[in-house]
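Please read it alongside the sequence and the 3D view.

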Amino acid sequence: MEKNPSSSRIERKFIERNRRNEMKTLYHKLNSVLPHQTSKAISMPDRLEEATNYIKKLQINLEKMKEKKYLLETQRPNVNMKRREKLMLKSPKIEIQQIGLTLEVVLITGLDSQFLFNETIRILNEEGVDIVNASYKVNKDTVFHSIHCQVEEEFGNETARISERLNKFMHDY
């Protein structure tokens with residue numbers, strides 16, 4: 001039995017309409033994740049080319065960020081001494097002082113030593129000291145970090161142990 005030519009034509013129109021609607025939906029999804037242009041109307045092929053360029057730009061930015069992350073990771077303590085000497089603007093210094101139930105840690109570093117501050121906070125937390133306040137001040141190429149801690153009770157040996165541990169960390173770095 002033969003198909004009716006008009007029904008075949010209607011079926012093709014229906015299929016084509018569904019295809020166009022699907023393309024329209026996909027185009028709107030793509031358009032929603034792209035940065036919006038000013039009031040200028042732009043043709044679909046131009047918008048697709050713009051989307052392609054935008055995605056390529058994002059890929060380049062991603063690669064740059066990966067490189068930057070890699071460089072930051074190589075500046076951590078496991079970097080060899082010569083490279084570390086080139087990267088460090090100032091050799092870090094640490095001072096620890098206890099006054100009653102307050103422990104004050106002053107860390108003096110170069111601009112490129114954020115890792116040292118983070119590790120100092122981590123060590124203090126591991127030692128069970130309550131950090132009340134942490135602040136910093138930048139003066140030219142030097143950063144002065146001030147960390148104020150609260151201790152449970154006056155203790156001498158524990159302050160000495162914390163001081164020794166922080167000094168060892170700074171020396172090993």
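A residue is called buried at under 20% relative accessible area, exposed at over 50%, and partly exposed in between, with a 1.4 Å probe and protein chains only. The model is a predicted one, in which local features need pLDDT of at least 70, side-chain atom pairs count only at pLDDT 80 or more, and totals for chains, interfaces and linings use all residues. Residues are numbered from 1 along each chain as its sequence is written, and side-chain values use heavy atoms, with hydrogens and water left out.

**Overall make-up**

Helices (H or I, at least four residues) and strands (E, at least two) are DSSP runs, numbered from the N terminus. The protein chain has five helices and four strands, in the order α-α-α-β-β-α-β-β-α from the N terminus. Of its 173 residues, 24% count as buried. A contact means heavy atoms within 4.5 Å. Among contacts between residues at least 6 apart in sequence, 54% join residues at least 24 apart.

**Strands**

Two strands are taken to pair if DSSP finds at least two bridges between them. Strand S1 (residues 93-99) runs antiparallel to S2, with seven bridges, and Gln-98 stands opposite Leu-103 in S2. The hairpin of S1 and S2 has two residues between the strands, and Gly-100 there takes a positive phi near 65°.

Strand S2 (residues 102-110) also pairs with strand S4 (residues 142-150), in the antiparallel sense and over nine bridges. Here Gly-110 faces Thr-142 in S4. Strand S3 (residues 130-139) is joined to S4 by nine bridges, again antiparallel, and Ser-135 has Ser-146 in S4 as its bridge partner.

Lys-140 is in the loop between S3 and S4. Its phi is near 55°, a positive value in a residue other than glycine. Most residues other than glycine have a negative phi. Lys-140 counts as exposed because its relative accessibility is 75%.

**Buried and exposed side chains**

Leu-107 lies in strand S2 and is buried, at 0% relative accessibility. Leaving aside residues up to four places away in sequence, Leu-107 touches several residues, among them Ile-94, Leu-116, Phe-117, Val-143, Phe-144 and Met-170. Leu-107 and Phe-117 are ten residues apart in sequence, and their C-alpha atoms are 7.4 Å apart.

Tyr-136, in strand S3, is exposed at 60% relative accessibility. Together with Leu-111 and Val-138, Tyr-136 makes a nonpolar surface patch of about 320 Å². Patches are made of residues with over 30% relative accessible area and no salt bridge; like charges are joined within 9 Å, and nonpolar side chains (Val, Leu, Ile, Met, Phe, Trp, Tyr) within 5 Å.

Rings of Phe, Tyr and Trp (its six-membered ring) pair if their centres lie within 6.5 Å; planes under 30 degrees apart count as stacked, over 60 as edge-to-face and the rest as tilted. The structure holds one aromatic pair. The ring centres of Phe-115 and Phe-169 are 6.4 Å apart with planes at 55°, so the pair is tilted. This pair links distant parts of the chain, with Phe-115 in helix H4 (residues 114-126) and Phe-169 in helix H5 (residues 157-172), 54 residues apart. Both Phe-115 and Phe-169 are buried.

**Salt bridges**

A salt bridge is a side-chain nitrogen of Lys or Arg within 4 Å of a carboxyl oxygen of Asp or Glu. The whole structure has nine salt bridges, including those in the table.

| Salt bridge | N to O distance |
|---|---|
| Arg-19 and Glu-16 | 2.7 Å |
| Glu-126 and Arg-122 | 2.3 Å |
| Glu-126 and Arg-165 | 2.2 Å |

Glu-126 lies in helix H4 and Arg-165 in helix H5, so their pair ties together parts that are 39 residues apart in sequence. Glu-126 and Arg-122 are four residues apart in helix H4 and are therefore separated by about one helical turn. Glu-126 is partly exposed at 46% relative accessibility, as are Arg-122 at 35% and Arg-165 at 30%. A network of salt bridges links Glu-119, Arg-122, Glu-126, Glu-127, Arg-161 and Arg-165.

Arg-19 and Glu-16 are three residues apart in helix H1 (residues 5-33), about one helical turn. Arg-19 is partly exposed at 44% relative accessibility, and Glu-16 is partly exposed with a relative accessible area of 31%.

Conventions
Accessible areas come from the Shrake-Rupley method with a 1.4 Å probe; for residues, only the protein chains shown count as cover.
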